[in-house]
Amino acid sequence: MARIARQDKDAYRMLVGRHLGKSLKVAERVLGNRQDAEDVTQEVCLKIWDEAVRWEPRAKFSTWLYRVVINACLDRRRKAVPAAMEDLDLLADDAPGADEKMIADQLSDRVRRALQVLPERQRIAIVLGYYEELSNQEAADAMDIMLGAFQQLLFRAKQRLKDELISEEREYKHAGHL
Amino acid sequence: MPDIFDRELAALLDSYKVEEPSPELMERILRRAQPRAGAAVIPLWAQRQTFRPHSAFALIGLALLGFWLGSASQVKPFSVTSAPSVSTLTLDGVILGASNLNEVIL
């Protein structure tokens, strides 16, 4: 960060290269939309460039980055709720497919929709705790909440996802066998 | 994989795939990261200075201390060439309250 503060583009390229994929995946899973996720990730990366001179290493860089990405996603979502809901409605219109790729894509979309139905904080808890494989303490730090509160969020998110996904999956399989 | 997720839910969650970032996104970000105007001429230590309340109090305190020290240094210097008045500074005046030694003897 000290090198980036001195406008060292090579250092910036290296840092962005290291964290871009992670930031984009978090943003896409939180927002449920690739285009918005790319916009948010770009915004966050430019913030790193602009704010490097004021960077103070109070926390791990990755923890700070997760926090910035999450806040940027929440801001984005607050500003664009109607568009996000419209996208979900379109995605809900699944067409039956025959080949494996189509089935895999449909399943992926179902999980994405189920995640989007979760309250924001529960969804973030799943993204950080499951997909990013952060420890509970790291995820709680990234969300700026207490450890116990994070564990509660994760527990509720898991229960709700089970209700949404597994029961639906069983009904689907059961109907297929009939 | 965290223990709390049972295999069934984990398998479903794993089916949600997200693509890696495209090289175009990386290039777009690097292109938009432009040098900051004037940053080259401002030294790093100066760029790091940000306003904080405790810094402001420290500055005000220093200013007051400087003002006080400046005022204190305005005391007129003692001159060894100018004779002090007898009534206030001579030994007999201080101890006995007389204007000169002759008065005491008399």
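Let me start with one residue: Q7(A) is buried, at a relative accessible area of 19%. Buried here is under 20% relative accessible area, exposed is over 50%, and partly exposed is in between, with a 1.4 Å probe and protein chains only. Q7(A) sits in the loop between α1 (2–5) and α2 of chain A. Its phi is near 65°, a positive value in a residue other than glycine.

Some ground rules. This is a predicted model, where local features need pLDDT of at least 70, side-chain atom pairs count only at pLDDT 80 or more, and totals for chains, interfaces and linings use all residues. Residues are numbered from 1 along each chain as its sequence is written, chains are lettered from A and ligands numbered from 1 in the order in which they are written, and side-chain values use heavy atoms, leaving out hydrogens and water.

Back to backbone angles. Most residues other than glycine have a negative phi. E133(A) also has a positive phi, of about 55°, and is not a glycine. E133(A) is in the loop between α7 (120–131) and α8 (136–143) of chain A. It is exposed, with a relative accessible area of 56%.

Now chain A overall. It has 9 helices and 0 strands. Those are DSSP runs numbered from the N terminus, H or I with at least four residues for helices and E with at least two for strands. Of the 178 residues in chain A, 47% are buried. Its accessible surface comes to about 9,500 Å², and carbon and sulfur atoms account for 51% of that. The areas are Shrake-Rupley values with a 1.4 Å probe, and for residues only the protein chains shown count as cover. Taking contacts in chain A between residues at least 6 apart in sequence, 64% join residues at least 24 apart. Contact means heavy atoms within 4.5 Å.

Next, the core. The largest nonpolar core has 66 residues, and those with the most contacts inside it are Y12(A), I126(A), L128(A) and L161(A). A nonpolar core is a set of buried Ala, Val, Leu, Ile, Met, Phe, Trp, Tyr and Cys residues joined through side-chain atoms within 4.5 Å. Helix α2 (residues 9–31) of chain A gives the largest share, 10 residues. The core also draws at least three residues from each of domain 1 (1–91) and domain 2 (94–178) of chain A; those bounds come from an automatic or database domain assignment.

What does Y12(A) touch, leaving aside neighbours within four places in sequence? Its partners include W49(A) in chain A, and I29(B), L30(B) and A33(B) in chain B. S23(A) is in helix α2 as well. S23(A) is buried at 5%, and beyond four places in sequence it contacts T41(A), L65(A) and V69(A).

At 15% relative accessibility, R112(A) counts as buried. Its side chain makes a polar contact with the side chain of D109(A), at 2.6 Å. A polar contact is a pair of N or O atoms within 3.5 Å; within protein, one must be able to donate a hydrogen and the other to accept it, and residues adjacent in sequence count only if both atoms are side-chain atoms.

Last, chain B. L9(B) lies in helix α1 (residues 7–14) of chain B and is buried, with a relative accessible area of 0%. Beyond four places in sequence, L9(B) contacts K158(A), L161(A), K162(A), L165(A) and I166(A). The mean pLDDT of chain B is 67, with 44% of its residues at 70 or more. pLDDT is the predictor's confidence in each residue, from 0 to 100. Over residues 40–47 of chain B it stays under 50, and the model has 7 contacts beyond four places in sequence for them.
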